[in-house]
Amino acid sequence: MDIQAPTTHLRPPGQDRGLRDVFANRFLLRLIVDKEIQIRYRGTVLGLLWSYLKPGVQFLVFYIAMGVFLDLNRGIENFAVYLFSGIVVMNLFSEVFGNASRSVVANGGLLKKIYLPRQLFPVSNLLVAFIHFVPQLAILLLACFLTGWHPGIKQLLAVLVGTLIISLFSLALGMLFTTFNVFFRDAENIVDLLIMVSTWASPVLYMWTMVREKLWDWVYYVYMLNPLTVAVELFHYGFWFPTTDNPQIWHIPPHLLTGWTPLAIVTSLILYFLADKLFRSQEGNFAQEL
Amino acid sequence: MSSSTTRHTPDRTEADLAIRVSHMTKEFVLRHTRSMKEAFVWLVKGRKGDLTAKFTALNDVSFDIYDGETVALLGFNGSGKSTTLKMISGVMNPDSGEILTREKVAGLIEVGAGFHPDLTGRDNVYLNGAILGMTKEEIDAKFDDIVAFSEIAEFIDTEVKFYSSGMYLRLAFSVAIHTDPEVFLVDEILSVGDEPFQKKCIGRIKDLVRRGKTLVVVSHDLGLVMDICERGIVMDHGTKVFDGNVYGAVAHMRNQPEEDVRREHEEGLARALEDKRRKREWQAREAAERGEQFVPQYDPDLDGPLAG
């Protein structure tokens, strides 16, 4: 039975074109994001207030432990702003990474039955995370203004680029691990572990100079290769740096803007393309593995 | 394997093709290691032994479905018919072979799969409609029809978790039946709700058939399949064993001569039609006795299809 390929209109079903398909299904994406937000705090009295409360408490704990007990408060000017601008970045990262890497397994029931562009799920987690990111940013801005924030255009750009790096990097990791998670549920635990380590592996609770002073040179370079470190430093540069009174004492890592930032963007992009490739090569097997 | 002889046969061309399945083969992995430890040990030991056991779910299946055809996929449990449907919808990809379909293939596969219990009926209609490929405008336009068809209008703003399972299925089916794909896939969902609602659903599907919609149905209800479909494909252990008109397919399933199946079914249809006609006559007489004007309820079997 030899069949000639038809000339018109037919296409193989279930061919995902990645982000293009997600964009083509904006309406569905919006509904999924709405759903996630609606059910996140379902049945709670405080509702969306939890998005403010949780980072607030987290901040307080770190502030008391690191700032007061370990005296970083005296070592770093405006330590509260320094701390919170880093926490905000890490929260965005861990929310996107954590939820996106569970998204395919969590929506297994649906994926097994109906075809829809599967990248909708990790991408929807990114958008949901942004909605919880905004209130935290608002608190941070308030703190900044109280401490005399006077940013220039460079600082604002740094924040924007930092957000971009985090989004791309966390989405890429999320897509990578959500694919692993379909085949090995160990991935979920690895994700939790990575999230825990990542807070300490970037200058959120301490300063980057401590890494350079206490450890070997090569550790410092590896440390700076991490896009998270770069993003956190960009946030410090954007939010904390302009609030300090003596900018000459405090300095951002050398070549942050000219060297490390472009490198972080490239790293994240490469990772994203690899994740996208892996995801798309494996998604045909999701339905039977779930 | 007998060849298909349905009424569209002579003037079919490539342009009328709705689905083309050629040499579709699919293997499933039965025993799968779920931990990295096992996989790692297996790798270290030089990949000795098979980590998995395989099972051929579909073996070199080929068929073409043309626009306007109504095709039943028949077979006993585990014969591969639902897997075939999943391949056509794109949920799974074949290991080898090729599947081509029209752009919009969707329908009544496991209705309610996209429902979320914590959302209201209204939100679920939108979410599920979008999952089934409808645009916002389409859902807006059809929303009232969807709710009316489901007959649960008063609960539409209640969260779905408070619905009874019948109400839930009604709403889910109602959304699915209002989508307008080029090819409708129907997987064993005709057992929705109570009998009146079931009849309404089947009537709706017959209506789609009359309007020339391409339909692929998986069902074990052979009588219903003969009502709806004109072509039948019988699968057995992952291979296609029969492809022809639906009576032949049912005959193959029942191990009966085709003429008997056809005769029995046609007798059944004639009887049902006669019953309906008699019931209507009786209603008309009752009405006349009461001196009322009798307006018969619309029935496509008696009155022919509606316009549009």
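Predicted model: local features only at pLDDT ≥ 70, side-chain atom pairs only at ≥ 80, totals over all residues.

Biologist: What makes up chain A in terms of helices and strands?

Modeller: Chain A has 14 helices and zero strands. Its C-alpha atoms fill a box of roughly 80 × 50 × 35 Å along the principal axes.

Biologist: Why are α8(A) and α13(A) called roughly parallel to each other?

Modeller: The axes of α8 (residues 153-183) and α13 (residues 256-282) of chain A cross at roughly 30°. Angles under 35 degrees count as roughly parallel, and the two helices are therefore given that description. Their axes come within 8 Å, and the crossing of α8(A) past α13(A) is left-handed.

Biologist: What makes the contact between these two helices, and how is it divided by class?

Modeller: On α8(A), the residues include A:Val161, A:Ile165, A:Leu168, A:Phe169 and A:Met175. On α13(A), A:Ile265, A:Leu269, A:Tyr272, A:Asp276 and A:Phe279 are among them. By class, the contact of α8(A) with α13(A) has 16 nonpolar, four polar and one charged residues. Asp counts as charged, and A:Asp276 belongs to the α13(A) side of the contact.

Biologist: How many residues of chain A and of chain B are in contact with each other?

Modeller: Contact joins 31 residues of chain A and 37 residues of chain B; the criterion is C-beta atoms within 7 Å. On the chain A side, α2 (26-40), α6 (108-111) and α14 (286-289) each supply at least two residues. The most come from α2(A), which gives six. This side of chain A has 16 nonpolar, eight polar and seven charged residues.

Biologist: Which spans of chain A does UniProt list as "transmembrane region", and what is their form in the model?

Modeller: The unreviewed UniProt entry lists residues 52-72, 120-145, 157-184, 190-208, 220-240 and 252-275. In the model, residues 52-72 of chain A are 90% helix and 0% strand, with end C-alpha atoms 24 Å apart. Residues 120-145 of chain A are 100% helix and 0% strand, and their end C-alpha atoms lie 37 Å apart.

Biologist: Where in chain A is confidence lowest and where is it highest among the helices?

Modeller: Helix α4 (residues 72-75) of chain A has the lowest mean, 75, and α8(A) the highest, 93. For chain A as a whole, the mean pLDDT is 86, and 96% of residues reach 70 or more.

Methods. Residues numbered from 1 in each chain as written. Chains lettered and ligands numbered in written order. Helix = DSSP H or I, 4+ residues; strand = E, 2+ residues; numbered from the N terminus. Axes fitted to C-alpha atoms, helices over the stretch in contact; angles between N-to-C directions. Parallel < 35°, antiparallel > 145°, perpendicular 65-115°, else oblique. Left-handed = near helix turned anticlockwise from the far one by under 90°. pLDDT = per-residue confidence, 0-100. UniProt positions renumbered as here; feature names shortened; annotations may be inferred.
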